[in-house]
Amino acid sequence: VTIGTAIAGAENAIAGNTGDGIRVSGGPAGNAIEGNFIGIDGSGTFSVPNGGHGGNVIGGQPFIGGKNNANNALDGVAVVGATGVTIVSSIYPNGGLPIDLGNDGDTGNDALDADVGPNNLQNYPSITFAAGNDQGELFSTPNSQFTITAYSGSAVGNARVILGSIVCNTDRAGHCNWGPIAAAPPSGSVVTATATDTAGNTSEMG
């Protein structure tokens, strides 16, 4: 199942719904939600909120790569009862979190990322330095590879600009340092980041 496209000028505007903009419920892996304007008009300019989540994944394994996901009443993307949901999208102010694993608010990190749940409750990375470029660290599953994707915006919860991605490999203690990303954040912006494991599980934003 494919909703949207990465081709410029051929995207969907999914906006003004009383509930969720998109809901994925069950089905096979490999669904793709890409290049859509969610909660915003097709020009990417005007707010046209959805009354629920921008995207609500309660099954299936979609790749969510949106141009803009904003202004929705609840979370930008909520993941409930699903794993392998990869999210790389511009997500900025919504009524809830940019990404919410479990649809229950912020999910804190745990030692060695041993917990289970939506997207395996993947731990999110931290930012240690972002004045000239984005660098940080991740504490997660030991001896594993992760893709860190960094974002910048005007405030916490505003991940408007995708700065880029970098791979980091945790040591036997579950730790890795990452950065810098090629694109430096604009002066005065707030940097956030996600971690995605090799099974496609993307974390909340840290």
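**Cavities, cores and an open sheet in a predicted model**

The largest cavity has a volume of about 50 Å³. The model is predicted: local features need pLDDT of at least 70, side-chain atom pairs count only at pLDDT 80 or more, and totals for chains, interfaces and linings use all residues. Residues are numbered from 1 along each chain as its sequence is written, and side-chain values use heavy atoms, with hydrogens and water left out.

In total, the structure holds three cavities of 30 Å³ or more. A cavity is a set of points, on a 1 Å grid over the protein atoms alone, where a 1.4 Å probe fits but cannot get out; lining residues have an atom within 4 Å of a point. Grid points are joined across faces, edges and corners, and a volume is the space filled by probe spheres set on the points. The largest cavity is lined by Ile 22, Ile 33, Ile 38, Gly 55, Asn 56, Val 57, Ile 64, Asn 69 and Val 77. Strand β6 supplies the largest share of this lining, three residues; strands are DSSP runs (E, at least two residues), numbered from the N terminus.

Asn 56, one of the lining residues, lies in β6 (residues 55-57). Beyond residues up to four places away in sequence, Asn 56 touches Asp 20, Ile 22, Arg 23, Val 24, Ala 78 and Val 80, contact meaning heavy atoms within 4.5 Å.

The largest nonpolar core has 19 residues, of which Ile 64, Val 79, Val 85 and Ile 87 touch the most other members. Such a core is a set of buried Ala, Val, Leu, Ile, Met, Phe, Trp, Tyr and Cys residues joined through side-chain atoms within 4.5 Å. Two or more residues of this core come from each of β3 (22-24), β9 (77-79) and β12 (99-101). A second, separate core of eleven residues includes Ile 148, Cys 168, Cys 176 and Ala 195.

Three strands form an open sheet in the order β16-β15-β18, with antiparallel pairing; two strands pair if DSSP finds at least two bridges between them. Because β16 (161-169) and β18 (190-197) stand at the edges, each with a single partner strand, one side of each is left without a neighbour in the sheet. Strand β15 (residues 145-153) pairs with β18 over eight bridges, and Gly 153 stands opposite Val 190 in β18.

Definitions and conventions:
Helix = DSSP H or I, 4+ residues; strand = E, 2+ residues; numbered from the N terminus. Buried < 20%, exposed > 50% of the residue type's maximum accessible area, 1.4 Å probe, protein only. 1 Å grid on protein atoms, 1.4 Å probe; cavity = no way out; pocket = protein on both sides within 12 Å on 5 of 7 lines; lining within 4 Å.
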